[in-house]
Structures are given as C-alpha cells and as structure tokens.
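Reader: I would like to go through this structure by question and answer. Please keep to what can be computed from the atoms.

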Amino acid sequence: MTVVSAIRTSSIYNGGRAIFSRRVFLRIVAGAGVCGLSLILAGKTVLHNDPAAENNQTIKDFLDILIPEDGSPSASQLGIDKIVIDEINRNKDLLELTGKFFVWLEAASKKAFGTGRFSRLNDSQRQQIVAEAAESAEGTVPRTFFYVILRGAFYHYYANPLSWKYLSYNGPPQPVGFPDQAEPPRLS
Amino acid sequence: MAWALSSKKIKVLLLESGPAYDPFKDYLLDKPQWEQTDFPYKANSKGKYSFGQMQELDKRFADFETFNHVLGKLFKTGIRATGTYGHVKGVGGTTLMYSGEAHRMNPEAMKMKSRFQAAADWPFDYKELEPYYCIAEQIVGVAGPTADDAKRYRSKPYPLPPHRPSYGSSKIQAGCRKLGMNFVSNSLGILSAPYDGRPPCNYCGGCNRGCQRTDKGSVDRTFIPKAVATGYCTLRAGCQVTGIEAGDNDRIKSVSYVDSKGNIQQVSGRIVVVSCGAIETPRLLLASSGRHAPDGLCNESGMVGKNFMETLYAITSALHDERLASYRAASADIICWDYNNPDAIKDVIGGCRFSAATAEAGFAGPLNYALRVAKGWGKGHKEQMRQTFGNVISVAAIGEFLPNTKSYIDLDPAAKDASGIPIARINTYNTEMDLMRLRFMMETSRQILFSSGAGKIIEQISTYDSFTSSHVFGTCRMGKDSRDSVLNAYCQSHRWKNLFVVDASVFPSSGGGESPSLTIEALAIRTAGYIAENKST
C-alpha cells in the first residue's frame with residue numbers, strides 16, 4: 001500500500017496544489033496581466049536599469065530569508081534561486097503570481113521602510129516583510145506566493161546532497177542502503 | 001498465470017498495456033533527486049478513470065480526517081475527495097511499486113456470508129489454496145517468520161528467514177507489547193538472503209519508488225522472466241486491449257488491441273485470461289458488449305463491476321523523542337494480526353491489521369521532513385530539521401471492506417480513452433460499519449504510537465475523507481451460483497468457457513487487511529492447473 005497522494009512531494013509548482021486548490025490559485029493569478037508591475041524575470045519589461053537582474057536579486061534575497069546560511073548553506077549558495085527563477089519563467093501561472101507578489105512586495109516594503117526595493121532592506125527588515133507575507137490572510141497573493149515558493153525552495157534544497165550532511169543523512173538510498181537498520185543510528 | 005501455463009508447455013501471448021521498466025535506468029533511488037518523485041511513472045503507465053458522486057462526510061467520524069501538522073486539514077469541502085487509484089500499468093503491474101507484502105488470506109475471512117451475512121463466501125476454502133501459496137512463495141522468495149501462524153496453516157516453511165525489524169520498528173514492537181498486542185515479522189516478498197540470482201535487501205526504504213536492487217519480488221523480476229525463459233511465452237508490452245469479441249457457442253472468438261506502434265491488431269487464442277485489476281477488468285468486460293453479450297461480457301448475472309471493495313486505510317505518524325534514523329527499513333517490516341479475524345473488533349464485522357509504515361508513509365529522506373515535519377521557515381525551520389530528521393514513526397492500518405450497493409465500477413457515460421473506449425467510473429461509498437472499523441483502526445494506531453514512546457501526532461491520512469486505494473477487489477467475483485457471481489471456483493466465466501479472469505476482482509471478500517498479491521498469484525497458479533487439465537475447455 002502506498003501513501004495517500006494528497007501529500008506528495010512532487011508537483012510543487014502545479015498550481016501549488018499541495019496547499020492551495022487549483023481553483024484558488026487561478027483566482028489569485030487571474031488578471032495579473034493588468035497589474036502595475038509587470039514581470040521582468042525574463043527581462044521583458046523595463047522597470048529599473050537592469051530589470052531582470054533586479055528581480056532575480058529580489059527572488060534570491062527572498063529565498064535566502066526562507067533558507068538562510070546558519071553553518072549549513074543558504075538557498076542561493078546551493079543555486080536554488082536559479083532553479084526557482086527558471087521554473088517561474090516556465091510556468092505562466094507562477095509568472096503571473098510572481099508579478100502580483102512583486103506589486104505587493106514593493107508596496108509593503110515602501111510602507112514599512114520607505115523603499116520599494118526589497119533587496120535594499122537589511123536582513124531584519126526583509127524578515128519582517130517575509131513574515132508579513134506568511135501571515136497574510138489565506139487566499140491572498142502574498143500568502144500564496146510565500147507558501148508556493150517556500151515549498152518549491154525546500155523541494156530543491158533538500159534534494160541537494162550538500163544539504164544532507166548537516167542532517168547526518170548518508171543518502172541517496174542506493175546503492176549502499178542502510179544495512180545497519182536494526183541498530184541504533186550512529187550519528188555524526 | 002503466464003508462468004504457470006508456459007511452464008506446462010502451453011503457449012501464451014502476454015499483452016501488457018503499459019511499458020517495461022528497467023530498474024537500473026528507470027528508478028531513481030541512487031540519484032540526488034530520488035525523493036522528488038514517488039514512483040517514476042512513464043508515459044501510458046497510468047490508467048484513466050473518473051468518479052461518480054462522492055459521499056457527504058459523516059461528521060461523527062470527523063476526528064479521523066486527513067491532516068498534517070504543517071499543511072493543516074487537507075480536505076475541507078465536507079464531501080469525500082476523489083483521491084487516487086494507486087496502480088501501475090506496466091510489465092509487472094502494481095507490484096512494481098508495492099511494499100512486497102506476501103500475505104495469505106485469513107481462512108476465517110473467506111466465509112463472510114455464511115458467518116456474518118456480509119460479502120460472499122469464497123467457493124472453496126483455504127486448504128484448497130494452500131499448496132498454491134507455497135508455490136508462489138517459492139517463486140517470489142518470501143521471507144517470513146519461523147514461528148507457526150495460528151490463523152493460517154502452512155505445509156511448508158517460508159523459503160527465507162524473516163527480516164530483522166528496523167530500529168524504528170523495534171520501538172513500535174516494544175510499544176505494542178505494553179498494550180498486550182503482538183507485532184511479528186511481516187512476510188515479505190523481499191529477499192532476506194541471496195535467492196534465485198537476486199541479492200538480499202539492503203533496507204533503503206524505497207520499495208514504493210521501484211526496487212532498483214531487484215531484491216523485491218515484483219512480477220517483472222520473478223514470474224515473467226521465468227515464463228519467457230520457458231520459450232512458450234511471448235511478451236508484448238505497450239499493447240492496449242480494446243475489446244474482447246464473443247462468438248457463437250458461448251466462446252470467445254478474439255481479442256483486439258492497439259500495439260505499441262499504434263496499429264490495431266486482432267488475435268485469437270484457445271483461452272483468454274483477463275488480468276487487469278478490479279477497476280480495469282470490469283471496464284474491459286462491460287465495454288466488450290455486443291450481439292452475444294448486450295449487457296457486457298460475462299455479465300449475465302449483472303454482477304460485473306458490482307461488489308466493488310476498496311482499501312479501508314489509515315496511516316498515522318508521530319514524532320519520537322529518540323534519534324531513530326527510522327528511514328532505514330524495509331517497508332512494513334513488522335505486522336500485527338491480532339485483530340485480523342472478522343469478529344475480532346467489538347461490535348464490528350470485519351477485521352484489520354496494523355503494520356510499521358514509516359517508509360510507506362514517505363518519511364524516507366530530508367525532503368519529506370522539510371515539507372511535512374519541520375514547521376516554519378528560516379533558521380527555525382533548519383533547526384527543526386536537525387532536531388526531527390529520522391525521528392518519525394508511522395503505523396498503517398488496513399481493514400476489511402464490505403461490499404455495498406453504492407460501491408461499484410461502471411463505464412463513464414462521457415469520458416473515453418484514446419481508443420474511444422469509455423473509461424472506468426469509480427463509485428465509492430463507506431458504510432457506517434466501515435467507518436466504525438476505521439475508527440477502531442485509527443484509535444488503535446494512535447495508542448500504538450503513544451505506547452511506543454512517540455509524542456505528538458504530526459500526520460494522519462485516512463480513507464474517511466479521500467478515496468485512496470491500491471487494493472481493490474470484488475468486481476468479477478467467484479461463486480458457486482451463476483446468478484450472483486461472474487466466475488466459477490476456477491475463475492472461469494460461468495457462460496464463456498474459454499474466458500477466465502485472474503486478479504483481485506475475483507475475490508468474494510477482501511480479507512481483513514491482507515495484501516492481495518500472493519493470493520492473486522496462488523489463484524493464477526491454481527487456475528492454470530485447471531486449464532492444463534481441461535485442455536478441451
């Protein structure tokens with residue numbers, strides 16, 4: 001018997017289905033094309049001097065708040081930002097959601113700290129903004145974006161063997177397996 | 001079936017709708033991204049199906065709704081979710097992703113009608129099937145306990161000694177002893193020693209993701225290569241059967257299929273055996289209606305698709321205080337049969353079993369812990385990862401499912417597959433008796449976990465609020481009376497004498513949580529013997 005598919009690790013970006021229904025996700029992204037800040041992750045729209053770099057930096061900084069360096073690598077140190085940005089660019093729904101989130105992010109940063117640029121905030125300020133997104137009402141853009149990106153970041157970060165050694169995990173499961181399975185673990 | 005027939009020098013053409021898998025290339029357990037995928041489905045390795053009206057949830061059982069302590073409550077509509085029919089279309093079928101459990105039916109659970117006026121009696125008793133269980137166990141290489149099983153007589157010992165319980169499972173075993181329950185080594189089609197040219201298990205916990213090491217006795221590693229090696233069996237993968245054509249004199253004339261290149265083919269044989277599982281088999285028979293069988297093939301009794309029995313299932317997971325590295329294990333390595341008899345649960349008809357299930361629950365590596373165990377984000381999440389990784393233990397419970405009139409398979413009136421054949425529609429309903437059994441299963445699972453030293457329940461998944469089944473049964477059941485069954489005691493159509501069905505659709509009752517694969521294999525070997533002895537069939 002295999003476990004219920006409701007809690008799958010795969011399909012993280014499939015409309016954020018593990019947390020949000022597809023219907024909720026689409027309602028959130030609907031109309032994203034008319035939002036004030038167009039998505040420039042692929043460099044399509046000029047907002048700042050180097051819009052693609054600016055927005056990529058925002059994603060990178062956002063991810064490093066979600067998965068910071070603390071003796072073990074941060075998200076960007078394992079290249080998770082590049083993977084996530086690539087996936088955003090390949091997923092129309094997610095691209096639109098990100099566009100809407102950037103609008104929110106700019107407004108929230110400006111309101112709290114006087115600048116609309118997340119990347120110019122210090123670490124503490126960024127954490128405050130990210131916490132605000134996480135604690136937003138269910139079904140809103142910031143909360144949806146936060147959880148979809150959080151799970152996407154974990155999905156890639158913890159599939160990287162460089163993250164495993166800090167957990168004393170000697171994977172992948174094959175070819176060695178765990179022949180000591182009957183004994184108490186020897187933790188490094 | 002293919003092995004049993006071909007080893008008797010009967011020519012067999014084996015048409016498999018799905019692809020073949022190469023464990024060394026297709027399975028991912030040696031790759032960094034191994035945990036990002038469950039079973040690596042290929043194109044056309046899943047069947048299509050739909051659902052009928054799902055039932056409104058009975059709020060008296062709301063304690064048993066599916067939740068995860070990170071994700072919260074997963075199903076919020078008040079209507080039972082459609083979920084998943086867990087299966088693989090491919091050479092080896094769903095055994096490619098099964099946990100390797102190799103169970104014999106509880107003889108007590110084969111007489112449900114005469115004892116409890118529930119389900120139907122098997123048209124023979126356990127003693128009749130026992131020799132065929134022994135043959136199947138030899139082919140698969142089952143590792144099982146050396147002690148006698150009081151419920152299931154065996155004429156031969158298991159081919160291999162049992163697996164040692166994992167360290168995590170030993171905690172569950174000890175906890176159960178405190179409750180007066182007895183967890184024993186599970187009988188597994190997973191090698192505990194080298195056998196038949198295959199290596200023993202190295203306890204990677206990846207059984208459900210496809211066994212890369214080939215120690216798991218999936219059909220593609222055991223029966224099928226042996227069948228092909230006889231020289232009497234031809235295997236054609238990627239061939240989707242689209243219809244079975246009936247002829248005169250109550251005999252099947254031919255089988256139509258679309259081959260792997262998309263060409264329509266037709267083939268004739270002396271005998272036709274359908275083995276597509278309890279959802280696809282009735283679909284194929286119902287879709288094969290025609291002049292000789294206007295209501296569908298084998299459906300003279302109107303029973304094809306009826307009596308659908310699904311998996312009554314719950315899996316409960318909790319955090320243990322001790323560092324266990326509980327991902328190190330064979331799936332379901334220990335099992336408790338204490339409540340397996342159909343009268344074992346107070347005020348409930350139908351039994352159940354409990355098993356260690358940490359690997360089955362998917363708590364197999366860092367990614368699942370990151371998504372399902374550690375809460376929050378930032379440094380707090382990382383700290384939780386370090387504190388909890390490897391500490392989850394899980395208990396699964398599977399129970400008897402009794403047939404009811406609202407649970408059946410029929411043809412979807414609107415949806416068709418690529419060949420224009422209506423897809424199967426799953427109509428599913430849990431009766432109050434099923435839910436009472438589920439309540440016992442889940443309450444007991446919690447007690448086991450707490451008694452094992454685990455603290456907080458972090459996840460509970462149950463079929464109360466979502467249809468989720470791998471073990472499905474009953475939709476072409478065997479019986480002595482052609483008026484209320486589809487097949488006779490040899491899995492032969494009551495009317496179409498050269499048509500047989502061998503899969504779990506033939507089960508008159510589901511059993512009290514036994515995994516069905518070994519019984520299907522035993523039935524196939526027995527039926528093959530009948531075919532060989534009755535060559536004029």
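Reader: Which residue of chain B forms a salt bridge with D70(A)?

Author: This is a predicted model, in which local features need pLDDT of at least 70, side-chain atom pairs count only at pLDDT 80 or more, and totals for chains, interfaces and linings use all residues. Residues are numbered from 1 along each chain as its sequence is written, chains are lettered from A and ligands numbered from 1 in the order in which they are written, and side-chain values use heavy atoms, with hydrogens and water left out. A salt bridge here is a side-chain nitrogen of Lys or Arg within 4 Å of a carboxyl oxygen of Asp or Glu. With its closest N and O atoms 2.6 Å apart, the partner of D70(A) is R386(B).

Reader: Which residues are joined with D70(A) into one network?

Author: E514(B) also forms a salt bridge, with R152(B), at 3.2 Å between the closest N and O atoms. Elsewhere, salt bridges that share partners build one network, whose members besides D70(A) are K382(B), E383(B) and R386(B).

Reader: How many salt bridges are counted between chain B and chain A?

Author: A search of the whole structure, over all chains, gives 39 salt bridges. Between chain B and chain A, the count is five.

Reader: How much area is buried between chain B and chain A?

Author: The size of an interface is often given as the accessible area lost when the parts come together. Buried area is that loss for two parts (1.4 Å probe), summed over both. The contact (heavy atoms within 4.5 Å) takes 63 residues from chain B and 57 residues from chain A. Carbon and sulfur atoms give 63% of the buried area, which is about 5,200 Å².

Reader: Where is P173(A), and which residues of chain B does P173(A) touch?

Author: P173(A) sits in the segment after helix 7 (161-164) of chain A. At 1% relative accessibility P173(A) counts as buried, the classes being buried under 20% relative accessible area, exposed over 50% and partly exposed in between (1.4 Å probe, protein chains only). Not counting residues up to four places away in sequence, P173(A) touches F178(A) and, from chain B, L29(B), W34(B) and C204(B).

Reader: How far apart are the centres of the two domains of chain B?

Author: By an automatic or database domain assignment, chain B is divided into domain 1 (1-47 + 87-141 + 211-238 + 271-306 + 473-537) and domain 2 (51-86 + 165-188 + 310-471). The C-alpha centres of domain 1 and domain 2 of chain B are apart by 25 Å.

Reader: Which helix of chain B gives the most residues to the side of domain 1 that touches domain 2?

Author: The two domains of chain B have 19 residue pairs in polar contact (both at pLDDT 80 or more). A polar contact is a pair of N or O atoms within 3.5 Å; within protein, one must be able to donate a hydrogen and the other to accept it, and residues adjacent in sequence count only if both atoms are side-chain atoms. Helix 3 (112-116) and helix 7 (277-287) of chain B each supply at least two residues of that side of domain 1. With six residues, the helix that gives the most is helix 7.

Reader: What residue does R283(B) meet in a salt bridge?

Author: Three salt bridges are counted between domain 1 and domain 2 of chain B. In one at 2.5 Å, N to O, the side chain of R283(B) meets that of D417(B).

Reader: How many residues apart in sequence are the parts tied together by R115(B) and D343(B)?

Author: The side chains of R115(B) and D343(B) meet in a salt bridge of 3.2 Å, N to O. R115(B) lies in helix 3 of chain B and D343(B) in the loop between strand 13 (334-336) and strand 14 (352-356), so the parts they tie together are apart in sequence by 228 residues.

Reader: Is S515(B) buried or exposed?

Author: S515(B) is in the loop between strand 20 (499-501) and helix 11 (517-533) of chain B. Its side chain has a polar contact of 2.5 Å with that of E101(B). At 5% relative accessibility, S515(B) counts as buried.

Terms used
Helices (H or I, at least four residues) and strands (E, at least two) are DSSP runs, numbered from the N terminus.
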